[in-house]
Amino acid sequence: MLFVCYPKCSTCGKARAWLDAHNIEYTERDIKAENPTREELKAWHEASGLPLRRFFNTSGQLYRGMGLSSKLADMGEDEQLDLLATDGMLVKRPILVAEGKVLVGFREKDWEAALL
């Protein structure tokens, strides 16, 4: 299982604590140090069943600074994937990649349903 996070993110810390409390083994990857590739993002998007918009860190400074809230609607999927792959700080976190499923963001109920 791959746990993609930003170490300074409090939500990522809660997710990590939840995984540890449930003795779930994972490999941790710092999203800022090792940005997801376009190919990874595309595969995760397809496996998640979520709209691609949910992969954007809408509360992040970079997202707001680039004015993406008004630009995403006019961008195609390929353009959005290319943009997400440029900087890990644009990507919502944490992302948990497990066999056949991808969880984006930490909602305890969703993680319990998917993993326990």
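Guide: Let's go through some features one at a time, each with a case from this structure. Keep in mind that this is a predicted model.

Visitor: Happy to. Where should I look for the core, and which residues have the most contacts inside it?

Guide: Start from a general idea: in soluble globular proteins, nonpolar side chains tend to be buried together. Here, the largest nonpolar core has 34 residues, and those with the most contacts inside it are Trp-44, Leu-84, Ile-95 and Trp-111. Two or more residues come from each of strand 1 (2-5), helix 1, helix 2 (38-48), helix 5 (77-84), strand 3 (95-98) and strand 4 (101-104).

Visitor: Which element gives the most to this core?

Guide: That is helix 1, with four residues.

Visitor: You named Trp-111. What is Trp-111 in contact with, leaving aside its neighbours within four places in sequence?

Guide: Its partners are Phe-3, Ala-15, Trp-18, Leu-19, Pro-94, Leu-96, Leu-103, Gly-105, Phe-106 and Leu-116.

Visitor: How do I describe the way two helices pack, say helix 1 and helix 6?

Guide: Look at the angle, the axis distance and the handedness. Helix 1 and helix 6 (residues 108-115) pack at an angle of about 35 degrees, and their axes are 12 Å apart. The crossing of helix 1 past helix 6 is right-handed. On the helix 1 side, Ala-15, Trp-18 and Leu-19 make the contact, and helix 6 brings Glu-108, Trp-111, Glu-112 and Leu-115.

Visitor: How many residues of that contact are nonpolar, polar or charged?

Guide: Five are nonpolar, none is polar and two are charged.

Visitor: Next, helix 5. Which residues of helix 5 are buried?

Guide: For a helix, list the buried residues and then ask where around the axis they point. In helix 5, Gln-80, Leu-81, Leu-83 and Leu-84 are buried. These residues are on the same side of helix 5, because they cover an arc of only 160 degrees around the axis.

Visitor: What do the buried residues of helix 5 pack against?

Guide: They pack against helix 2 and helix 4 (68-71).

Visitor: Let's turn to the backbone. Which peptide bond is worth a look, cis or trans?

Guide: For a peptide bond, read omega. The bond from Arg-93 to Pro-94 is cis, with omega near -5 degrees. Pro-94 sits in the loop between helix 5 and strand 3, and Pro-94 is also among the contacts of Trp-111.

Visitor: And phi? What is the phi of Asn-23?

Guide: The phi of Asn-23 is positive, about 50 degrees, although Asn-23 is not a glycine. Asn-23 belongs to the loop between helix 1 and strand 2.

Visitor: Is Asn-23 buried or exposed, and why?

Guide: Accessibility settles that: over 50% is called exposed and under 20% buried. Asn-23 has a relative accessible area of 69%, so it is exposed.

Visitor: What about the start of the chain? How accessible is Met-1?

Guide: Met-1, in the segment before strand 1, is partly exposed, at 38% relative accessibility. Beyond residues up to four places away in sequence, Met-1 touches Ile-24, Glu-25, Tyr-26, Thr-27, Leu-96, Val-97, Ala-98 and Leu-115.

Visitor: Last one: how do I compare separation along the chain with separation in space?

Guide: Met-1 and Glu-28 are 27 residues apart along the chain, with their C-alpha atoms separated by 8.7 Å. For Glu-25 and Gly-67, 42 residues apart along the chain, the separation is 37 Å. Glu-99 and Thr-27 are 72 residues apart in sequence and 13 Å apart in space, C-alpha to C-alpha. Glu-99 lies in the loop between strand 3 and strand 4 and counts as exposed, at 79% relative accessibility.

Notes. Residues are numbered from 1 along each chain as its sequence is written. This is a predicted model: local features need pLDDT of at least 70, side-chain atom pairs count only at pLDDT 80 or more; totals for chains, interfaces and linings use all residues. Side-chain values use heavy atoms; hydrogens and water are left out. Axes are lines fitted to C-alpha atoms, for helices over the stretch in contact, and angles run from 0 to 180 degrees between N-to-C directions. A crossing is left-handed if the near helix is turned anticlockwise from the far one by less than a right angle, and right-handed if clockwise. Contact means heavy atoms within 4.5 Å. Ala, Val, Leu, Ile, Met, Phe, Trp, Tyr, Cys and Pro count as nonpolar, Asp, Glu, Lys and Arg as charged, and the others, Gly among them, as polar. A nonpolar core is a set of buried Ala, Val, Leu, Ile, Met, Phe, Trp, Tyr and Cys residues joined through side-chain atoms within 4.5 Å. Buried means under 20% relative accessible area, exposed over 50%, partly exposed in between (1.4 Å probe, protein chains only). The arc is that of the directions from the helix axis to the C-beta atoms.
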